Amino acid sequence: MRASANASRRDFLKVSAAVGGGFALELAVPGLARAQGGSGGAEVNAWVVIRPNDTVVIRVARSEMGQGNFTGLPMLVAEELECEWNRVRAEYAPPHEHLRRNRVWGSMATGGSRSTRDSHEYLRKAGATAREMLIAAAAQQWRVPASECRAASSVITHQRSGRRLRFGQVAEAASKLPPPKDVKLKDPSEWKLIGKSQRRLDTPEKVTGKPVFGVDVRFPGLLHASIAQSPVFKGKVKAVDGAAARGMRGVVDVVQLDGAVAVVADNWWRANQALKALKIEWDEGPNGNVTSASIKAFVRTGLTDPDARVGRRQGDVEQGLAAAAKTVEAEYYAPFLNHATMEPMNCTAWVRGDRVEIWVPTQNGEAALATAASAAGVSERSVEVHKTHLGGGFGRRGFQDYVRQAVHISKAVGKPVKLMWSREEDMQHGFYRPVTATRMKAGLDAQGRLVALHMRVASQSILANVRPQDIKDGLDRHALGGLIDSPYAVPNELLEFAMRNTHVPVGFWRTVFHTQNPFFRESFIDEVAHAAGRDPYEFRRELLASSPRNLGVLDAVAKAAGWGSPLPAGVHRGIAVQDSHGSWAATVIELAVSAKGEVTVRRVVSAINPGHVVNPDGCVAQVQSCVVYGLTAAFYGECTVKNGRVEQSNFHDYRMMLIGDMPKVEAVFVPTGDFWGGMGEPPQASIAPALANAIFAATGKRIRELPLKNHGFSIA
Amino acid sequence: MITLNINGRAHKLDVEPEMPLLWALRDELGLMGTKYGCGIALCGACTVHVDGEPVHSCSMPVSAVAGKRVVTIEGVSPRGLHPVQRAWIEHQVPQCGYCQSGQIMAAVALLRKKPRPTDADIDVAMTNICRCGTYARIRTAIHAVAKPAKA
């Protein structure tokens with residue numbers, strides 16, 4: 001154990017200095033980096049370590065799961081630090097150091113597209129503070145006022161004398177100075193890095209196969225585990241016959257867990273082969289007969305439940321509908337979805353007495369630490385968490401179920417164990433996007449204006465499991481995202497909610513409720529526009545007259561897509577707008593549909609206002625990413641339930657878009673600079689409705705239930 | 001004992017003949033660049049070259065590759081970066097990066113067979129799954145490699 005906070009900080013500095021290119025070395029050979037001692041990097045503050053050769057190591061508290069945090073967040077620090085960008089390296093701030101240092105790195109949670117928008121200010125301040133300390137150290141050495149010195153390109157210059165010192169020459173002295181209390185941040189007009197495309201810091205190693213993902217953790221003596229969890233959610237293990245498995249080559253142990261059995265062996269394939277040889281009798285509990293049909297029937301009871309909660313009310317919707325010249329009514333439904341990260345769930349754990357070490361690809365290092373401590377029954381101060389790269393996250397790795405399992409398994413066998421789920425386990429034991437049913441009724445006046453809108457949502461609640469305290473009197477506002485804050489100005493409006501929780505675990509699936517709800521809202525608005533005989537873009541424009549950010553992206557996407565301009569025969573457009581996760585976005589999709597239902601998506605145009613565009617090329621990548629994620633789900637995504645379990649098991653029956661399915665994507669950024677929004681999720685929100693609306697335009701067929709494959713459509 | 005020729009070196013392995021090549025590479029030899037994604041020869045994360053052909057190592061027993069030349073991402077370019085890897089950097093392809101070893105191995109094999117692949121060639125050869133949606137950049141990077149060097 002460490003003696004004091006200071007000692008801990010010193011040890012950590014040594015590790016930081018020794019690991020060189022990041023965390024990879026420390027991971028590959030745990031303990032080694034710690035033992036090697038330091039080569040002299042100076043921690044100017046918690047975020048910034050500078051080596052004598054001017055290399056700047058910037059600590060990253062949030063996880064890198066593909067979205068570009070390992071580049072975008074360091075850019076924010078480096079902007080104010082005034083260091084040369086090509087000298088910057090990124091490394092994870094370790095969760096255990098975070099705990100010991102009183103949460104100096106702020107939130108480590110990586111989700112909700114929050115990394116940039118929640119931390120941009122303290123990251124820029126960290127850079128500015130470090131810069132001022134470096135300047136002060138140089139000024140002290142020169143015995144001149146700091147106000148006469150400037151920092152630029154990793155060099156401090158005394159302007160009158162022209163004397164210069166490199167950051168690496170003063171970092172050690174700077175690290176001993178008190179940090180300034182108030183630092184002034186640059187005006188955006190002075191930014192040199194932010195807003196200009198920078199190459200990702202993690203790309204060079206990602207083309208060589210060298211980065212360490214969770215599954216790649218490796219050290220002498222490490223064993224491998226494969227796991228079988230109760231196929232019916234919430235089921236238990238009744239009995240296990242592990243005799244045959246125990247006799248198989250390489251098998252070390254069979255470990256029974258709560259609702260699961262794991263086999264530990266000297267090679268993952270051997271563990272998995274032995275797992276298949278287990279005879280497990282499951283206690284399925286009361287859910288063994290549940291099917292997709294029974295779930296849908298149950299969820300739909302929420303559409304007529306007289307005990308629904310009011311999420312939003314304006315005017316008198318009943319009167320508005322009664323007085324309407326025309327009404328439109330429709331019911332919508334969205335299925336469970338699996339995240340299907342390319343890297344299956346995994347965690348490496350080593351429980352030694354009251355000491356626990358884990359290596360894990362997680363979206364939440366602090367939660368992983370707390371889970372490991374509770375699973376091992378030790379204090380949180382006895383746990384070390386080494387974060388690895390994440391082979392995708394999309395919300396799934398905000399849950400730490402695999403951490404708990406790995407710790408239990410290591411504790412049971414008394415050895416370090418890497419637990420990796422098979423793809424089949426990963427597909428059938430997710431935290432799925434919740435099923436949701438919605439019924440909507442709209443009233444139009446004689447002029448075709450939307451005067452009344454009644455929305456009833458029946459949905460499974462994510463918060464009911466993860467943050468029940470945020471549900472007030474049965475109302476889960478989170479489940480109403482995109483509806484409860486709908487920007488459309490409608491004089492008479494009522495939004496109601498009925499919670500319908502099934503036995504299937506649900507969680508945050510990229511863009512979360514801002515995927516189903518925009519599909520409902522924006523498809524229905526399209527229906528209403530059609531019923532009013534109005535152009536769907538113009539119809540939305542009028543309703544958004546007092547919502548400038550929504551109107552801004554809607555106009556931008558219409559302009560970029562050439563809305564209203566002639567199209568080749570058979571080609572049609574759909575449009576949708578939806579803000580989410582702090583940003584505003586709108587999409588136009590251009591497509592053609594063959595007689596067989598094969599859809600050729602010719603063009604996806606996406607307009608985004610994220611406030612600030614930190615790394616433009618990285619933001620383009622996120623738009624491309626959201627298009628693929630959204631189109632895959634809209635065309636093919638569906639986890640069905642039979643006999644209480646998810647039926648899909650692998651990519652053969654949970655189909656993915658491939659390169660040949662990839663449409664042309666045009667990202668149009670219209671940042672207004674007056675706020676900081678998210679980027680990893682917002683572009684997905686309007687994808688499914690824009691697609692469904694374009695299909696309606698092409699075929700006259702209104703899609704009210706996803707996925708499209710169930711209506712005879714596929715990607716051409 | 002099975003002798004495997006991996007990245008130009010002979011490795012003697014005491015493993016079951018039916019062990020998939022992927023698990024011999026990863027858990028016996030410590031070559032971690034080749035990834036597990038599906039285990040059923042579908043997603044392509046485990047793609048390696050066997051005698052120059054792209055192969056799903058998750059479903060290829062080691063006994064089937066004895067005496068053949070196996071090349072993994074670690075051996076795809078013994079000196080410096082392969083042009084495909086350089087194009088991957090130039091066009092900033094990877095996001096999470098997990099599938100990229102397999103993508104690169106598939107692209108290298110494609111370009112060896114068809115130095116100027118058409119979009120249709122790419123669609124047929126590149127069946128690797130990428131959940132991050134790097135497909136557009138993969139296509140651009142492959143075409144960039146195929147372009148003749150400017151005089």
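A crossing of two helices is called right-handed if the near helix is turned clockwise from the far one by less than a right angle. That is the case for helices α4 and α6 of chain A, whose crossing is right-handed in this predicted model. Helix α4(A) covers residues 69-81, and its axis lies 6 Å from that of α6(A), with a packing angle of about 40°. Angles of 65 to 115 degrees count as roughly perpendicular and those under 35 degrees as roughly parallel, so α4(A) and α6(A) are oblique to each other. On the α4(A) side, the contact is made by N69(A), G72(A), L73(A), L76(A), V77(A), A78(A), E79(A), E80(A) and L81(A). Helix α6(A) answers with residues including S115(A), H120(A), L123(A), R124(A), G127(A) and R131(A). Sorted by class, the contact of α4(A) with α6(A) holds 9 nonpolar, 7 polar and 4 charged residues.

An open sheet of 3 strands has the order β5-β6-β7 in chain A, with antiparallel pairing. The edges are taken by β5(A), residues 149-152, and β7(A), residues 164-166; each has a single partner strand, so one side of each is left without a neighbour in the sheet. On average, and ignoring direction, neighbouring strands of the sheet are turned by 20° against each other. Between β5(A) and β6(A), the latter spanning residues 155-158, there are 4 bridges, and the two strands run antiparallel. Within this pairing, R150(A) has T157(A) of β6(A) opposite.

Two helices of chain A pack on this sheet. Helix α6(A), residues 115-142, touches β5, β6 and β7 of chain A, and its direction makes about 135° with that of β5(A). Helix α7(A), residues 167-174, touches β6 and β7 of chain A, and its direction makes about 75° with that of β7(A).

Turning to chain B, the domain assignment gives domain 1 as residues 2-75 and domain 2 as residues 83-146. Taken over C-alpha atoms, the centres of the two domains are 21 Å apart. Their contact brings together 15 residues of domain 1 and 12 residues of domain 2 of chain B. On the domain 1 side, the elements giving two or more residues are β3(B), at 47-50, and β4(B), at 53-56. Strand β3(B) supplies the largest share of that side, 3 residues. This side of domain 1 comprises 6 nonpolar, 7 polar and 2 charged residues.

Another helix pair is found in chain B, between α3(B), residues 100-113, and α5(B), residues 135-146; their axes come within 11 Å and cross at roughly 35°. The crossing of α3(B) and α5(B) is right-handed. Q103(B), A107(B) and L111(B) of α3(B) meet I138(B), I142(B), V145(B) and A146(B) of α5(B). By class, this contact has 6 nonpolar residues, 1 polar residue and no charged residue.

Finally, the two chains touch each other through 47 residues from chain A and 44 residues from chain B. The elements of chain A that give two or more residues to this contact are α8(A), at 203-206, α10(A), at 268-277, and α20(A), at 616-636. Helix α20(A) gives the most to the chain A side, with 7 residues. The chain A side divides into 21 nonpolar, 16 polar and 10 charged residues.

Methods: Residues numbered from 1 in each chain as written. Chains lettered and ligands numbered in written order. Predicted model: local features only at pLDDT ≥ 70, side-chain atom pairs only at ≥ 80, totals over all residues. Domains from an automatic or database assignment. Contact = placed C-beta atoms within 7 Å. Nonpolar A, V, L, I, M, F, W, Y, C, P; charged D, E, K, R; others polar. Pairing = 2+ DSSP bridges. Axes fitted to C-alpha atoms, helices over the stretch in contact; angles between N-to-C directions. Parallel < 35°, antiparallel > 145°, perpendicular 65-115°, else oblique.
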